[in-house]
Amino acid sequence: MSATRPPAAVQAGPLEWPEALRTKVAEALSHYPNRRSATLPLLWIAQRQWGWVPPEALRLVARTVELPETEVFGIATFYTMINLAPMGTYHLQVCCTLSCSLMGADRLFRHLSRRLGIGHGETTPDGRFTLRRVECLAACGGGPCLQVNEEKFHEHLDEAAVDRLLETLT
Amino acid sequence: MSAPRGPLLFKDIDTPGLTGLETYRRAGGYATLSTVLGRQTPDQCIEVVKASGLRGRGGAGFPTGLKWSFVPKGADRPKYLVCNADESEPGTFKDRELIEKNPHGLIEGMILAGWAIQANTGYVYLRGEFGWLQQVLDRAIAEARAAGILGADVAGSGFRFELHTHLGAGAYICGEETALLSSLEGFRGQPRLKPPFPAVEGLYRCPTIVNNVETLVNVPHILAHGAAWYRQWGTEKSAGTKVFSVSGPVRRPGNYELPLGVPLRVLLEEHCGGMRDGMRIKAVIPGGSSVPPLPADLLDTPLDFESMNGAGTFLGSGGVIVIDEQTCMVDSLWNLIRFYAHESCGKCTPCREGTFWMSEILERLERGGGRAGDIDLLADLADNILGRSFCPLGDAAAMPVQGFLKHFRAEFEHHVEHRACLANRRRDAVAGVPA
């Protein structure tokens, strides 16, 4: 997927924050002296709610922080972890920077890629997995490592450990 | 009880339940709130930290007390304290363990630093991949707030201090302090021109101190026991302890807290158990991926700021990456430069273009298409990035290139002449990585 793709066509009717999220949104806004600073926190809240940040959600964030939509789009595209296209249920992020690479991360990535039949940035047809090669996760002593969605890292991996992990992700 | 993992920051870090307020207090935590707040003036605190010799643990090694003293006095504008928990320098994973196991240690350090610079608001900027760690810290903050340790009247001292966490979203550049502030303000995480330095004009154009996690976690110990006590560890100019994150094919990779000045060889052989079976050290990157590597014959260099500079590299963040003899240095450098090309924010030309072209040349060399002038071209690019980019990211990419060429030029020449690696145990795996 490309993080730089412009949002899709306008959907009918503006999106609102679901009732259950309003306290979180208000709390995020309360942490800063201006609304703009809450942009990234609100993009995270949106992404956790919808799995990615669809154009309607981007507009909702822009409206909430009182910035032009284009400005929020510019911010969202700067950060690699804000997903502007749909993602698989499980986002497998394999660190391939030097420390992990020294411990076999490239081989591990290739194993995953073969096993799932997808390459870097692709999603399985059933929508279950998105695979990405990512830069250093700050788990270098535990390399090779990977992160599933936003969870704590899986460290000291090999092919067998990754296969076992995949079976738990249903 | 097993032996303590370190003299100071890691001494009690594996205590079960230390993330909870009660356990932290039983271990002596938050005692400084009654002995320092309202008892010692902010200036006194700054003087103690200055005298302790504490230097920034994020990589630059700037004296912490001196940095604090740059904050203008007076209450005309709010002041801010920001903790840099972006921990994005490849090879570094210490702040993560410090927060995960001892979140209250960071909170206490931030309250004290906030008092010293008279800031009433603090932010902890965590890298985007630390969402799970943010939850650990948020729980500790909520617990501290409920106990009156954070808020309008910190532990009954009359000092007001609020603390919030802020999650980044995947950008190495946000570890640079001005880019971090841009990101915290809701902009793209791009660096700003210095001066003005953040201490004078930082977050929301107000005086702001940005300190690394490890730096701040040292503060309660220093203010509780004094500068002379702290100086029992380390050297004259590199006082105290340092957490070293060791990665690569050693027997026991991980975080090790040692007094500054311990030789690199002691860290690797005694603490990490040496190399895995059948492997020998070719090079060690001692301070995170941005610093030049040391060849194996310089392993006796002491791990302190001055000795590392003397050996042509930097102590940096203490991220120690060990490279074995069967690993190709061209391939390793290409891996690192890909990282910098990916993470360059695009603001300035030397970094944006230079990192891209260095990566292209390294790929060409590694894949066997290297040309006669490529090594000089690579060196020329690095020379032209160094000191000419807007922020230190460009330097961070240029320094490893210079260091790799200085110590391992023969391997690069071998690539040009023979269109193959001298040695590369990862060769088959690397060949499968798309560009």
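Trainee: Which strands does helix α11 of chain B lie across, and at what angle does the helix run to β6(B)?
Mentor: Helices (H or I, at least four residues) and strands (E, at least two) are DSSP runs, numbered from the N terminus. Axes are lines fitted to C-alpha atoms, for helices over the stretch in contact, and angles run from 0 to 180 degrees between N-to-C directions. Two residues are in contact if their C-beta atoms, placed from the backbone, lie within 7 Å. Here α11 (264-271) lies across β5, β6, β7 (281-285) and β9 of chain B, at about 130° to β6(B). This is a predicted model: local features need pLDDT of at least 70, side-chain atom pairs count only at pLDDT 80 or more, and totals for chains, interfaces and linings use all residues. Residues are numbered from 1 along each chain as its sequence is written, while chains are lettered from A and ligands numbered from 1 in the order in which they are written.

Trainee: What is the order of the five strands in the open sheet of chain B?
Mentor: Strands of a sheet pair through backbone hydrogen bonds, either parallel or antiparallel. Two strands count as paired if DSSP finds at least two bridges between them. The order in chain B is β6-β5-β9-β7-β8, with mixed pairing. At the edges are β6 (254-259) and β8 (294-295), each pairing on one side only. Strands β5 (241-247) and β9 (319-324) run parallel and are joined by three bridges; B:Val246 has B:Val320 as its bridge partner in β9(B).

Trainee: Why is one side of β2 and of β4 of chain A left without a neighbour in the sheet?
Mentor: The open sheet of chain A has four strands in the order β2-β3-β1-β4, with mixed pairing. β2 (122-123) and β4 (146-148) stand at its edges with a single partner strand each, so one side of each has no neighbour in the sheet. β2(A) runs antiparallel to β3 (129-134) of chain A, with two bridges between them. A:Thr123 is opposite A:Thr130 in β3(A). Helix α6(A) lies across β1 (90-95) and β3 of chain A, at about 155° to β1(A).

Trainee: How many residues of chain A are in contact with chain B?
Mentor: 40 residues of chain A are in contact with 52 of chain B. On the chain A side, α2 (39-50), α4 (69-78), α5 (98-102) and α6 (105-116) each supply at least two residues.

Trainee: Into which domains is chain B divided?
Mentor: Domain bounds come from an automatic or database domain assignment. Chain B has domain 1 (21-230), domain 2 (241-324) and domain 3 (329-427). The centres of domains 1 and 3 of chain B, taken over C-alpha atoms, are 36 Å apart. Eight residues of domain 1 of chain B are in contact with eight of domain 3 of chain B.
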